[in-house]
Amino acid sequence: MTARTERIDRLAELVAARREDGAGRGVWREAFARMRRDPMAITGAAVVGVFLLVAVLGELIAPYSPTAQTWGTEVFPNRNVFVGPRAENWLGLDNLGRDQFSRMVIGARQTLLVGVVAAGLGFTAGALLGGVSGAAHTLGGRAGRRIDTVLMRLTDMMLALPTLLLAVSIAALLGQGLTTVMIAVGAAQIPIFARLLRGAMIAQGSRDYVLAARALGARRRRIALAHILPNSMGPVLVQLTLSLATAIIDAAALSYLGLGNPDPSVPEWGTMLADAQRFLGGAPQLAVFPALAIIVTALGFTLMGEAMRESLDPRLRK
């Protein structure tokens, strides 16, 4: 590493860092220190932690098999006879005599898988698109601005459609399936990440450390990848946390519309909610429990994302 490169890296580190109480502390360290004292962040982290624990250890937590119709002789959907919560079955039985609690626990894994993969796909593709667009606009000159204009017009076309409507359209084209739900929900998140990262990179491009790096003769690719991009990821990572909540809700909505996993034996909260609509009169708990699980989980990710956003943005701090 040359002395010039070392000076550029050190300059970027100094500009990206902030000082508090006379000691140098990184922006992320300060943000997490604030979040540890924020009741909203603590509540969101607790909800997300429980959800992750249930999703990962579901097979150990579930007392029964989610597909076993052990108590099938005790329920008669045609006669509106169901079994509610009891000591043996904490959340009651579904219309086929399966333990509802076990299906809720195992279904958390499917919900987590769809949400994480979909948000990850949207983040990866959106960050790639937004990073190229932001770098082209900031460092590419006239030709770069043309590239930025083309990419952003494509992004604007995707943003013109509501997220859920775009996801439904993609899922309808690709057909029913769990992979289809992941791709559809992830694709709907791409323009959000792209616009956000592109805007952050343009804002960073006018900072003093970028001008100094260009004056020292650093290559444009190195300035974009080593300095502008890392300092622009804060709002994108906050959006990733918020997008997990959106992805879980959208995935449940697609499953509710019949575009999710075609295998009815695999429990998933959105599918369970759709199946329960026929029995709302006699067994409303079959719809209440999956709906509450979706709402509470999405709320947990939202609280974490909002707390992180407030911690990183000084304009939003109380």
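These legends describe close-up views of a predicted model.

**View 1. Helix H8, residues 178-205**. At 1.5 Å a residue, the 28 residues of H8 should span 40 Å. The end C-alpha atoms are 40 Å apart, which agrees. H8 bends by about 30 degrees at Gln189. A proline, Pro191, follows within four residues. Of the 28 residues, 20 are buried, so H8 is largely enclosed by the rest of the structure.

**View 2. A nonpolar surface patch of about 480 Å²**. Leu53, Val56, Leu57, Leu60 and Ile61 make the patch. Helix H3 (39-56) and helix H4 (58-61) each supply at least two of its residues. Ile61 sits in H4. Its relative accessible area is 34%, so Ile61 counts as partly exposed.

**View 3. The salt bridge between Glu74 and Arg86**. The closest N and O atoms are 3.0 Å apart. Both residues lie in the loop between H4 and helix H5 (100-139), so the pair ties together parts that are 12 residues apart in sequence. Glu74 is partly exposed at 32% relative accessible area. Arg86 is partly exposed at 28%.

**View 4. The salt bridge between Arg103 and Asp94**. Here the closest N and O atoms are 3.8 Å apart. Both Arg103 and Asp94 are buried.

**View 5. The salt bridge between Asp156 and Arg153**. The N to O distance is 2.8 Å. Both residues lie in helix H6 (residues 141-159), 3 residues apart, about one turn of the helix. An α-helix has 3.6 residues a turn, so residues three or four places apart point the same way. Asp156 is partly exposed, with a relative accessible area of 28%. Arg153 is also partly exposed, at 43%.

How values were computed. Residues numbered from 1 in each chain as written. Predicted model: local features only at pLDDT ≥ 70, side-chain atom pairs only at ≥ 80, totals over all residues. Heavy atoms only, no water. Expected span 1.5 Å × (residues − 1). Bend = angle between axes of the 7 residues up to and from the residue. Buried < 20%, exposed > 50% of the residue type's maximum accessible area, 1.4 Å probe, protein only. Patch = residues over 30% accessible without salt bridge, like charges linked within 9 Å, V, L, I, M, F, W, Y side chains within 5 Å. Areas by Shrake-Rupley, 256 points an atom, 1.4 Å probe, with all protein chains shown as cover. Salt bridge = Lys/Arg side-chain N within 4 Å of Asp/Glu carboxyl O.
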